Amino acid sequence: MALSHAVMVMTMTPVHMAHGGAELNVIGLTISLHIAGMYALSPVVGRLADRLGRVPVLVAGQAILLCSTVVSGLAGHSHAVTTVGLVLLGLGWSFALVSASTLLAESLEADRRADAQGLSDLVMNLCGAGGGALSGVLVGAYGFGTLNAVAATLTVVVVVFTARTWRLSRAEAGEPAGRD
């Protein structure tokens, strides 16, 4: 959840678009569509997490985030392609946040949930702040493509960690490893 949030916050898209000559109304529309990607389908994402499972939806979110970084990183100054990348970023964040939050809440006893969620929110926001600060440095020093490459790397870290943790938890539960 925390690294997915960092990836989402690491966007320097409005600055990148402005440097590419985008007008304020185009940047505003892009950000509006990004925010719609974050929240508009949350009920659908929640149902998918219930139906398919938390981990598959979390991994799907990472796949969407990875697609976002590729699309955005290769967009150059195409405002339409950049907008697609940012909408994917919002949607991937939604998949990651809804599934990870649900996974966290249901994995704890009721008397520990509020403290754990508070700590989770703290870590998530610290990662977001770090990602936001790092993104300006990365774009300034290396460009928008490098920023997206770093964001993609964080996404891959989440996928590897999730797969490893899921396999270990299934092995401890005595479930077969072949049907992940």
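This is a predicted model: local features need pLDDT of at least 70, side-chain atom pairs count only at pLDDT 80 or more; totals for chains, interfaces and linings use all residues.
Residues are numbered from 1 along each chain as its sequence is written, and side-chain values use heavy atoms, with hydrogens and water left out.

Let's start with H5, residues 54–74; helices here are DSSP runs of H or I, at least four residues, numbered from the N terminus. H5 has 21 residues and spans 30 Å from first to last C-alpha, close to the 30 Å expected at 1.5 Å a residue, where the expectation is 1.5 Å times one less than the number of residues. Its buried residues (under 20% relative accessible area, 1.4 Å probe, protein chains only) include Val57, Gly61, Ile64 and Ser68. The buried residues of H5 pack against H1, H4, H6 and H8, with contact meaning heavy atoms within 4.5 Å. After the helix comes glycine 76, with a positive phi near 60°.

And the other side of the story? Leucine 74, also in H5, is exposed at 72% relative accessible area, the cut-off being over 50%.

Now, the aromatic pair. Ring centres must lie within 6.5 Å, and planes over 60 degrees apart count as edge-to-face. Tyrosine 39 and tryptophan 93 have ring centres 5.5 Å apart and planes at 75°, so they are edge-to-face. They link H3 with H6, 54 residues apart. Tryptophan 93 is buried at 5%.

Notes:
Helices (H or I, at least four residues) and strands (E, at least two) are DSSP runs, numbered from the N terminus. Rings of Phe, Tyr and Trp (its six-membered ring) pair if their centres lie within 6.5 Å; planes under 30 degrees apart count as stacked, over 60 as edge-to-face and the rest as tilted.
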